[in-house]
Amino acid sequence: MAVGLGLLLGLGLFTFIYAEGFSYFTTDPKACANCHIMNSEYDSWVKSSHHIVATCADCHLPHSLVPKLVAKTVNGYHHSKGFTFQDFHEPIMIKPHNSQILQEACLGCHGGLVHDMVAGSTTDANAVSCVHCHSSVGHGR
Amino acid sequence: MTAENPSTDGKTPPSRRPKIVLLVAIIGIVAVSTAVLAGLLVNIFQRKQEAKNPYLRFVDVTADTTDPAEWGKNWPRQYDGYLRTANPTHTKFGGGAPSEAMMPAEKSEKNPWLTRMFAGYAFAIDYRDRRGHAFMLTDQESTKRTKERKQPGSCLHCHASIIPLYRQTGAELAPTAPPAEQLQKGFEAIGKLDYWEANAKLEKSGHKHPVSCVDCHDPKSMQLRVTRPGFINGIKALKAKEGIADYDPNRDATRQEMRSFVCGQCHVEYYCGPKTTLFFPWMNGLKVEEIEATYDNFKFDDGHRFYDWKHAETGAEVLKAQHPEFEVWNQGTHGKAGVACADCHMPYMREGALKVSDHWVRSPLTNINRACQQCHHYPENEIVKRVETIQDRHFALLTRAGGALVDMLDAIKAAKEAGATEAQLMPVLEMQRKAQWRLDFVAAENSMGFHAPQELARILGESIDMSRQAQLAAVSLKATLALAPAAKPAATAN
C-alpha cells in the first residue's frame, strides 16, 4: 500500500512539475500563457501601451491579499477545467465579476484622474467601463 | 469489552471486517486518483503538443503548383477553409442559391431595370448573384454570357489560376526576355484568344483550377504577394499618379496593404477586352469620375473613344462597370482606417494553439463575432441592424436611381421615334453614358452600399440627377420635333 501511495504521490508531483505548477505562484505573465489559449493575448500585451507598467495580474486580480487569493483560486479552477475539457465559449469572454475586478484595477491607478467621470457608478449594471473605449491598452485578442 | 463488540453471531472476527473495507476503499481511491492523474497528464501533454509546430512541409510547392490540394497537404487548416467556399452563404441582400446544386437567382429579379440598362449587352441575357470562390471557373463556363456570346481569353485573368500559363506562353514567345516581360507577353497573347480556345489551352497546361493558393502566396515563404499582371500594372499607374515612380507592390507594400492588394487583383473595375489588352483604369485615381475620365480619354487602336457597347435602345456608346469593391472600399471609413479586406472577410481564428486566418472567404455578416466584434464591442444583433440599416437605405436609393434610368431610356426612345437625329440626340446620349456609368458602378459593387455608404449615395445622387437631366432634354427635344412638322406644311401652304 505504501508503494501504491508513493507511486500516486510521485505521479502527482511529476504531473505538477510537468504542467509548470510552480509558475502559478508567481505573477510572471508567461505563466498565464502556459496554456496556448492565451498566446494572442500575451503577444499583444507585449506590444501594448501598458506592458511597461502592468502585468496580467495587475489588471486581472484584486490588489489586496485575501480577495486576490480567492480570485486566483476561483479563476484557476475555471481555467483548468475549461482548458482540460475544452468546453468554454469562444472567443473567450470575461465574466461580470472579473470585469468588475478589471475596472477596479483601472481605477487603482487612474482613479484620481477620472474620479469625476466614474464616481459612484462603478458597481452599477450600466456603469461606464474604461475598456469599453480603451479596449486595446492592455492587449488585443 | 463486549460492549465494544456487540455483534456476536458472525464467524469472522468482528474487528477484522472494517479493516478489509478500509483497505479496499484505499486501494480504490488510489487507483481512481492515479487514473485521473494519468488522464490529466496525457491531456496536458496533448495541449503542449498543440502549441508546437505550426506546419510541416510534406510536399514541395512551387510557383507552378496550381492544384490547391497539393498545398492542402502542408496547410490543411487553410485548405479546409478554402474548400468551404463551396458552401452556400446568405445575407439579406447577397448570396447564392439555398443549395450547392442550384444556381443563384438572376439579379434582374430584384432589380428589373438591369435588363433595360444592359440592352444589347451579354449581361442582359444572364447576370446572376454570386457564389463562393470555389465556383468561379465553373460559373464562368456555364453562364450564357460565354456560351451564347463570344468572349475574350482575358476573362480567365481572374477566373482561373492562370499565371503559370502566362509565363509558359511568354517564354515560348520571347525565350530571352526577362521574366516580368515574359509574363506580360503571355498575358497579352492569352487575352487575345477566344475564351474557349484559352480555356482549352489552360486545361491542357494542367492548371485549370479556380483561384488557388499560389495566386496570393509565395510558395517559399508563404508571404502574401500579387501575381496578376492587371493589378501589377494598375497599381503602378495609380502610384505614378500619386508621385511614386516604379512602384512594385511585392517590394514596396506593407504587410497590411498586401492583405487588401491580393483581393484587389480581381475585385476591381477593369476593361477585359477584346478591343485592347485587359487593364485597370486607375491612371487618374480610384474615384468613379477619375475612372470615367480615364475611359473618356482612352482611344482604341482604331482611334475611337473608349466604350464597352452601343446601347440597343438608344445607340449611346456606354460603359460597363465590373465589380469595383477595391476602389469603393478605398473611399469608405474602413478603408481609410487601414482595415484590410482580409480583416473582415478572412478574420483570424483559433485552431488548436494556432492563430490562422479563415480561408473561407465570405460575407462578414456570416461571421460577425470574428469579423466585426474584434473592434466593435456591441451585441451581434445590434451590429446586424446597423449594417442592414445602411443596406436598406442604399437599396432604396439604388432602386430609385434604376427607376430614373428607365424613365430616361423611355424618353430617349420616344424622342428617337419622333424623328430626332443623331446630332440632336448627341448631348442626351452623352448624359446617358454618364448616368448609366454611375448607376452601374454602384450596382455592380458587391456590398449593397456598405463599403462606402456616403460615397455610393453621392454617386447615386449624381446618377439620378443625370438621368433626369437626360430625360428632360429628351422630352423637350421630342416636344420641339412635334411642333416642327406642324409648322412645316403651314409654311408651304402660304
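Two residues are taken to be in contact if their C-beta atoms, placed from the backbone, lie within 7 Å. On that basis, residues 24 or more positions apart account for 62% of the contacts in chain A with a separation of 6 or more.

This is a predicted model, in which local features need pLDDT of at least 70 and side-chain atom pairs count only at pLDDT 80 or more, while totals for chains, interfaces and linings use all residues. Residues are numbered from 1 along each chain as its sequence is written, and chains are lettered from A and ligands numbered from 1 in the order in which they are written. The model scores ipTM 0.74 and pTM 0.83.

Chain A has seven helices and zero strands, where helices (H or I, at least four residues) and strands (E, at least two) are DSSP runs numbered from the N terminus. The C-alpha atoms of chain A fill a box of roughly 65 × 30 × 30 Å along the principal axes. Of its 141 residues, 11% count as buried; a residue is buried if 20 or more other C-beta atoms, placed from the backbone, lie within 10 Å of its own, exposed if 12 or fewer, and partly exposed in between.

The contact between the chains takes 20 residues from chain A and 18 residues from chain B. On the side of chain A that touches chain B, the elements that give two or more residues are as follows.

| Element of chain A | Residues |
|---|---|
| α1 | 2-18 |
| α3 | 39-46 |
| α5 | 65-85 |

The largest share of this side, eight residues, comes from α1(A).

A nonpolar core is a set of buried Ala, Val, Leu, Ile, Met, Phe, Trp, Tyr and Cys residues joined through C-beta atoms within 7 Å. The largest such core has 68 residues, of which Leu405(B), Val428(B) and Ala470(B) touch the most other members. Not counting residues up to four places away in sequence, Ala470(B) touches Met408(B), Ile412(B), Val428(B), Met431(B), Gln432(B) and Ala435(B). A second, separate core of twelve residues includes Leu156(B), Ile162(B), Tyr195(B) and Leu202(B).
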